[in-house]
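Here are my notes for your first look at this model. Keep the viewer open and follow along point by point.

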Amino acid sequence: MLPTTELVLLRRIATEQVSGRAPSLAAAVVRDGEIVWSGARGAVDGTPPDNATQYRIGSITKSLVATVVLRLRDEGRLDLADPLDKHVPGTSFGGSTIAQLLSHTSGLTSESPGAWWERSPGGTWTDLSASLTAEEVKHRPGRRFHYSNVGYGTLGELVARLRGTSWLDALRAEVLEPLGMTNTTAAPSGRHAEGCAVHPFADVVLPEPAYDAGAMAPAGQLWSCLDDLASFTAFVGGRTGDVLSQDTVAEMREVATVDDGDVWNAGYGLGLQLVRVNGKRLAGHTGSMPGFLACTLIDPATQTGAVAFANTTAGVGILSLVTDLISIADDYEPPLPAEWKPADIDRSLLPLTGLWHWGPAPYHLRVLGNGWLDLVPATGAGRASRFRPLGEDRWLGLDGYYAGETLTVGRASDGTPTHLDLATFVFTRTPYDPSAPVPGGVDEAGWRA
């Protein structure tokens, strides 16, 4: 990036490292799938951390586990509406659905019973499941957002049963290796930061433990580095490779529940945290384990994201730091829109374009460069949706009011498009065209004063 931009970015992390008193802090800005800036303050083993230095990423692990669950869904191995009992029978919360576990709306307790799991050696799934009595269901499933680390321990067991291997082996083979995240591991390997607690009233530190979390590991076990999480940040933004389709990752980014009520600055999708700040809608996840803070977020609209790590239990505003890095990058060096150029579209779609009417309301139908259709009110206010082809004059709504609904083209005997049937609404070339199959018919006397 420009030297002026890099200075502002560096000053932001330097200020955070001092004010948060972090032994070390590392960060990177990602744009269009690549790291365009990275910086660090403090030291790991006497020298500044670099892009390959490992930090524990805590709950960012959840987003990776969710990616495997969505792969299973796309393969037809499960449905998000399936109750847990269908795949992992015998729990006290088997009526909760897979989607509810992914979105923290299952009502399940936030932490596993017994000792503080983040600072204790983990047990087996059998141990964890036995401890989860009916009392550990704190809310009616689907009622509200209630963050549950236990829910992701459960999803790890789900992955293991459906894949016939450990959740970690499945994750490594299906997500980490395809995305080039070879430095993301269950335990530190190579150069890594030591997790520390910083005394609140003195400039001294205390090493934090880092045990294997056992059955709770899918909730926050992993270690990673800037290089690897930059790849995952780009993945969340839509550069999905062969791991998931772009449509599925977009589904993960959709709001499943809101975390802060009427304000709606924070929400959750399917394994992804969602944040609205400075007019941007960001997706990713924060992470914390004793001695570590981490965050990755991206704005899919600008393809600008950021990653940050600190090896401290508390003190660093990791979420605000990452949102600030994204804002600085986009404010100082806004991405340019892609140049417009003619598209090689199916010319048989051209007769569909132009003016249509829903009753008396005018709409414009355009063909997009990727062959989709875009139906928008001519006045700019009202129901707008994009549609992708299903074949045989049928189209699937992708967003807005008509998401998931089918648009069917009606034609005259000579093939001329005469009307559109969209979820029982009939659009005609002229307002209430009497020659079209308008439900309820059209007054024979026609328009009048």
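1. Which elements do the buried residues of α1 pack against? They pack against β1, β2 and α9. Buried here means under 20% relative accessible area, exposed means over 50% and partly exposed is in between, using a 1.4 Å probe and protein chains only. The buried residues in question are Thr 5, Leu 9, Arg 12, Ile 13, Ala 14, Glu 16 and Gln 17. An α-helix has 3.6 residues a turn, so residues three or four places apart point the same way.

2. A quick word on ground rules. This is a predicted model, so local features need pLDDT of at least 70 and side-chain atom pairs count only at pLDDT 80 or more, while totals for chains, interfaces and linings use all residues. Residues are numbered from 1 along each chain as its sequence is written, and side-chain values use heavy atoms, with hydrogens and water left out.

3. Now the whole chain. Its secondary structure comes to nine helices and 20 strands; these are DSSP runs numbered from the N terminus, with helices being H or I of at least four residues and strands E of at least two. The C-alpha atoms fill a box of roughly 85 × 60 × 40 Å along the principal axes. Of the 449 residues, 49% count as buried. Look at contacts too (heavy atoms within 4.5 Å): among those with a separation of 6 or more, 59% are between residues 24 or more positions apart.

4. Back to the helices. α1 has 17 residues and reaches 24 Å from its first C-alpha to its last, close to the 24 Å expected at 1.5 Å a residue. The expected span is 1.5 Å times one less than the number of residues. After α1 comes Arg 21, with a positive phi near 50°.

5. Helix α9 (residues 318-332) passes the length check as well: its 15 residues should span 21 Å at 1.5 Å a residue, and its end C-alpha atoms are 21 Å apart, which agrees. Its buried residues include Ile 318, Leu 321, Val 322, Leu 325 and Asp 330. What covers the buried residues of α9? The cover includes α1, β1, β9, β10, β11 and β12.

6. Next, the largest pocket, with a volume of about 620 Å³. A pocket is an open set of points on a 1 Å grid over the protein atoms alone, where a 1.4 Å probe fits, with protein on both sides within 12 Å along at least five of seven lines; lining residues have an atom within 4 Å of a point. The volume is the space filled by probe spheres set on the points, which are joined across faces, edges and corners. There are 20 lining residues, and Gln 246, Asp 247, Ala 250, Trp 372 and Arg 386 lie nearest the centre. The elements giving two or more residues to this lining are α8 (246-253), β16 (385-391) and β17 (394-397), and α8 gives the most, with six.

7. What is that lining made of? It divides into five nonpolar, six polar and nine charged residues. Here Ala, Val, Leu, Ile, Met, Phe, Trp, Tyr, Cys and Pro count as nonpolar, Asp, Glu, Lys and Arg as charged, and the others, Gly among them, as polar.

8. Finally, compare some loop residues. Gln 221, in the loop between β5 and β6, counts as buried because its relative accessibility is 4%. Leaving aside neighbours within four places in sequence, its contacts include Arg 56, Tyr 211 and Asp 212. Asp 45, in the loop between β2 and β3, is exposed, with a relative accessible area of 69%. Asn 278 sits in the loop between β9 and β10 and has a positive phi near 55°.
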